[in-house]
Amino acid sequence: MPGPVGRRGMAGMPIQKVDFKKNIGRLLKEYKPYYAQTIISFIFVALSVVIAIYSPQILKEMTDTIMEGAATKNIDLDAVATLAIRLVVFYVCDSLFHFLFGFIMNTITQKYSKDLRTQISSKLNRMKLKYFDSRHYGDTLSVITNDVDQIGQSLQQSVTSLAQSIFMLTGVLIAMFATSWQMALTVLASIPLVFITTIIVMKFAMPMFRRRQAQLGVVNGIVEEIYSGHIVVKAFNAEETKGKAFDEANDKLHWTMFKAQFFGGIMQPMMNFVSYVAYAAVCLVGGLLVAKGDVGVTFGTISAFMIYVNLFQRPLSDIAQSMNVLQMAAASASRVFELLDTEEQDDESTKEKLLDFNNIKGRVEFKNVKFGYDESRIIIPDFSATVEPGMKVAIVGPTGAGKTTMVNLLMRFYEVNDGDITIDGISIKDMSRNELRDVFGMVLQDTWMFEGTLKENIVYNKTDISDERLNEIIDEANLSHYVSTLSHGLDTELKEDSSLSAGQKQLVTIARAMVENAPLLILDEATSNVDTRTEIQIQEAMDKLTKGRTSFVIAHRLSTIKNADMILVMKDGNIIEQGNHDELIAKGGFYAGLYNSQFSKTGE
């Protein structure tokens with residue numbers, strides 16, 4: 001029974017405002033293990049910048065040499081060739097340093113992304129079940145894939161660009177003032193335009209990037225939902241309806257991405273405009289200085305300065321673009337950190353084992369249990385019952401009565417609001433979840449299979465099952481005939497398109513529970529999706545499984561629990577009747593009405 005919020009996902013939640021400084025600060029904190037490698041990469045950046053800044057001086061010297069030679073009609077070609085070779089060597093070294101820097105940063109960001117995914121994977125194992133009951137699986141997958149990828153790519157681009165830009169700006173400013181302070185001040189006059197442009201663009205772009213990532217999660221959720229239920233979609237001819245829902249979400253994603261990219265992409269053209277203004281100003285000031293006969297300014301100086309303007313404006317443009325990229329990282333980081341900050345289950349690693357697994361009697365007692373998925377809406381106000389060792393307890397009632405909720409509480413998927421549940425007199429609150437879940441074997445309505453051999457699906461995480469015992473379990477679970485029809489027997493690979501019927505899958509899950517060999521059992525609607533003949537086979541297998549074990553059976557077909565030692569009839573979270581089948585039929589109450597209504601419909 002899912003929580004009251006259902007699976008509304010991130011689509012039903014408001015788009016939260018992204019705290020840029022907080023998210024980027026936390027990303028850098030998570031990035032701390034890679035500071036040393038980053039510093040090494042920065043050394044290569046610094047060397048590259050030194051070469052880039054010094055190269056225009058060589059070009060200036062070449063230009064002046066050519067101009068002087070042209071004036072005397074005697075150009076020193078050897079000197080020009082020497083300078084040209086030096087320039088080529090410098091640019092080759094510059095390319096090498098760029099490669100080493102890029103290689104290191106790419107390696108770092110990929111490892112960083114891997115670390116984030118590892119954190120998320122570990123986090124998912126510690127999170128409460130209600131998180132998954134309130135979100136689309138597709139949106140969670142989008143955080144793990146799209147958002148983490150976006151963070152990695154954004155950091156790689158932005159850190160690389162910022163490092164190069166900061167070193168370049170520092171070096172170019174020094175070189176410009178050393179060459180001509182007048183033209184250097186002319187270039188600096190363009191900086192206010194750059195900052196004003198950056199602030200305006202960031203203000204509009206940031207919310208768009210957050211909406212883009214959130215809407216991407218919505219689209220992933222719809223795709224996951226349609227794909228997982230594609231048989232139902234086709235059976236009810238709902239392709240057009242579902243397709244329309246996808247088209248609407250996809251169209252919204254399209255416009256959200258368009259707006260985000262528009263505001264992000266407008267940065268570069270505006271920076272180019274500022275650069276052109278700076279070029280014109282430098283040419284004007286430089287020409288005036290040459291015309292006045294300024295000794296320190298030549299045509300070579302102006303040609304070098306044109307390169308410096310480019311070297312100066314490009315870092316400013318790159319910084320502005322990096323801020324744009326960092327906004328994408330901050331938007332994705334807000335979703336990743338929202339997941340990582342979600343409330344976890346309490347740490348129980350220090351709890352000691354309280355039960356002797358080999359000597360568990362199986363006495364279960366519910367003591368005034370009170371529970372609600374939402375504290376404002378209690379669905380089990382006061383539930384008490386005692387289950388003696390070895391009893392088969394059936395829990396029946398209409399949809400929403402609280403049957404599956406009892407399983408969630410027994411397994412501590414959810415914690416009771418008040419009251420207690422004990423096993424052999426020990427409160428399940430005092431046990432670790434691992435110990436408690438080792439005590440129970442489960443056969444659920446949802447027959448989960450994973451890609452692997454049939455044997456791997458049956459033994460699952462058990463490693464001490466002999467072939468002889470496995471064959472006995474196959475026989476007890478009524479799987480022998482099915483296994484004999486497979487070309488590779490138990491070594492047959494089960495894939496997405498494996499032709500296992502619902503009944504065969506259910507028998508596999510029963511065999512899995514037999515392998516688990518837990519002293520207590522939970523069987524949740526285990527025969528609700530199969531035909532009558534298969535139901536008989538499943539019922540026989542379950543009778544063997546439950547023999548001598550305390551078991552809780554949630555039954556949809558009441559005819560399957562006639563032999564239960566105790567039947568708990570639930571309605572609105574309360575046990576309204578209790579007894580065996582004959583006693584409840586003779587009472588002529590709510591259970592009798594349920595049973596007779598099924599009998600009259602099914603003819604059983």
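**Salt bridges in this model**

Glutamate 388 forms a salt bridge with arginine 363, with 3.5 Å between the closest N and O atoms.

Me: What counts as a salt bridge here?
Reply: A side-chain nitrogen of Lys or Arg within 4 Å of a carboxyl oxygen of Asp or Glu. This is a predicted model, where local features need pLDDT of at least 70, side-chain atom pairs count only at pLDDT 80 or more, and totals for chains, interfaces and linings use all residues. Residues are numbered from 1 along each chain as its sequence is written, and side-chain values use heavy atoms, leaving out hydrogens and water.

Me: How many salt bridges are in the whole structure?
Reply: A search finds 16.

Me: Back to glutamate 388 and arginine 363: where do they sit?
Reply: Glutamate 388 is in the loop between strand 2 (380-387) and strand 3 (392-396), and arginine 363 is in the loop between helix 11 (299-340) and strand 1 (364-371), 25 residues apart. Helices (H or I, at least four residues) and strands (E, at least two) are DSSP runs, numbered from the N terminus.

Me: And glutamate 415, which side chain does it meet?
Reply: Arginine 433, in a salt bridge of 3.3 Å, N to O.

Me: Is arginine 433 buried or exposed?
Reply: Buried, at 7% relative accessible area, whereas glutamate 415 is partly exposed at 33%. Buried means under 20% relative accessible area, exposed over 50%, and partly exposed in between (1.4 Å probe, protein chains only).
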